[in-house]
Amino acid sequence: MGGPTYTDYLELNTLLSLQTPRSPDSAERAVLLSEQFFIVAHQSCELWLKQIISDLEAAADTLGTRAGPEAVELGAEYLARAAELLVVLYHQLTALEKLPLRHFAAFRPYLGSASGADSAQFRQLDKLLGDERRAGRLYEAFTTALDRAELPAAELCRRGPGAGAYHRVAEALLDVANAYWRWKVGHLALMTRVLGSRPGTGGTSGAPYLASRITLPFPELREARGRLHLETGEPAHGETAQAARPPRPGEPGVPGEAEGPGETEVPGDPA
Ligand code: HEM
């Protein structure tokens with residue numbers, strides 16, 4: 001059978017020629033190997049980021065512009081894959097904790113001003129996800145899909161799995177956001193382990209700068225989920241749980257049947 005070989009298909013000769021340590025050839029072998037490890041870790045992060053961004057863009061396009069149950073289900077699939085890959089990204093980062101400090105100190109001067117802060121793909125990801133101050137394109141697409149289905153976020157949270165694919169989208173969004181947050185926290189921990197309070201190669205203060213950059217996307221969705229506790233009877237300060245929750249069927253104050261969180265069908269819902 002014809003077709004490309006494994007090496008050709010993956011362009012391995014090009015790919016594997018791209019890890020070039022900047023330390024002089026005269027450097028110790030262990031230092032050169034650690035620098036190669038540092039380069040591979042960053043390059044693989046950028047490769048996975050390419051896939052994560054493509055999946056999140058596709059999810060935003062699908063949820064924002066296409067109606068119907070299949071589109072929502074497809075959006076959930078894209079998001080679930082991106083969330084899984086962000087976990088991969090986190091593990092690639094924590095592998096760098098096995099970078100010996102003395103080797104890092106030896107090759108760091110050769111990095112010049114190269115810094116992850118200049119990663120265009122990370123900036124793109126930041127923008128797509130948004131933060132506590134502004135919603136990104138992904139969240140805007142999600143609210144468009146909810147508006148189209150006439151399903152307010154609060155109702156979605158109330159229905160839970162009863163909201164079918166919309167519920168899966170919301171859960172996957174939170175998986176994406178939390179995995180992203182975990183990466184940022186892990187990155188700060190890694191950085192302080194090998195640099196302490198030294199500034200970054202990109203010219204920032206290092207740890208204080210990175211701490212200020214840790215954000216949790218999708219605050220509206222978190223708020224909507226938090227409000228469910230009030231509806232289901234979380235006691236306010238000074239109240240007992242019995243007094244705070246709505247009365248249940250058979251208890252005084254209930255004229256007819258209780259209106260629990262229903263499993264009602266959502267328009268266009270496949271579940
Ligand atoms: C030993 C490993 C690492 C150290 C010591 C380190 C250190 C730092 C420091 C100090 C900064 C602040 C900016 C500056 O002044 O340079 C930074 C930013 C950044 N680094 Fe790393 N880093 C490491 C690994 C990685 C890896 C594997 C990636 C993945 C590509 C990465 C991606 C980033 C990104 C995206 C930023 C910008 C973060 C933001 O602005 O929120 N870093 N890094």
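T65 is exposed, with 11 other C-beta atoms within 10 Å. The structure is a predicted model, in which local features need pLDDT of at least 70 and side-chain atom pairs count only at pLDDT 80 or more, while totals for chains, interfaces and linings use all residues. Residues are numbered from 1 along each chain as its sequence is written.

The overall make-up of the protein chain comes next. Its secondary structure amounts to 12 helices and zero strands, where helices (H or I, at least four residues) and strands (E, at least two) are DSSP runs numbered from the N terminus. Read along the sequence, the pattern is α-α-α-α-α-α-α-α-α-α-α-α. The protein chain has 271 residues, of which 20% count as buried. Among its contacts with a separation of 6 or more, 71% join residues 24 or more positions apart; two residues are in contact if their C-beta atoms, placed from the backbone, lie within 7 Å.

Several helix pairs can now be described in turn. Two packed helices are described by the angle between their axes and the distance between the axes. The axes are lines fitted to C-alpha atoms, for helices over the stretch in contact, and angles run from 0 to 180 degrees between N-to-C directions. Helix α3 (residues 29-65) packs with helix α6 (residues 120-129) at an angle of about 30°, and their axes are 10 Å apart. That makes α3 roughly parallel to α6; the term covers angles under 35 degrees, with over 145 counted as roughly antiparallel, 65 to 115 as roughly perpendicular and the rest as oblique. The crossing of α3 past α6 is left-handed, a name used if the near helix is turned anticlockwise from the far one by less than a right angle, with right-handed used if clockwise. On the α3 side the contact involves E46, L49, K50, I52, I53 and L56, and on the α6 side Q121, F122, Q124, L125 and L128. Sorted by class, the residues of this contact of α3 with α6 are seven nonpolar, two polar and two charged. In this scheme Ala, Val, Leu, Ile, Met, Phe, Trp, Tyr, Cys and Pro count as nonpolar, Asp, Glu, Lys and Arg as charged, and the others, Gly among them, as polar.

Helix α3 also packs with α4, at an angle of about 165° and with axes 8 Å apart. The two helices α3 and α4 are therefore roughly antiparallel to each other, and α3 passes α4 in a left-handed crossing. The contact of α3 with α4 has 19 nonpolar, five polar and two charged residues. Leaving aside residues up to four places away in sequence, Q92 touches A41, S44 and C45. Q92 and W183 are 91 residues apart along the chain, and their C-alpha atoms are separated by 9.8 Å.

Helix α4 (residues 69-95) packs in turn with helix α9 (residues 165-195), at an angle of about 15° and with axes 8 Å apart. The helices α4 and α9 are therefore roughly parallel to each other. Their crossing, with α4 passing α9, is left-handed, and the residues of the contact divide into 22 nonpolar, four polar and four charged.

Two loop residues complete the picture. E11, in the loop between α1 (6-9) and α2 (12-15), has a phi near 50°, a positive value in a residue other than glycine. E11 is exposed, with 10 other C-beta atoms within 10 Å. F218, in the loop between α10 and α11 (219-231), has a phi near 65°, likewise a positive value in a residue other than glycine. With 24 C-beta neighbours inside 10 Å, F218 counts as buried.

How values were computed
Buried ≥ 20, exposed ≤ 12 C-beta atoms within 10 Å, placed from the backbone.
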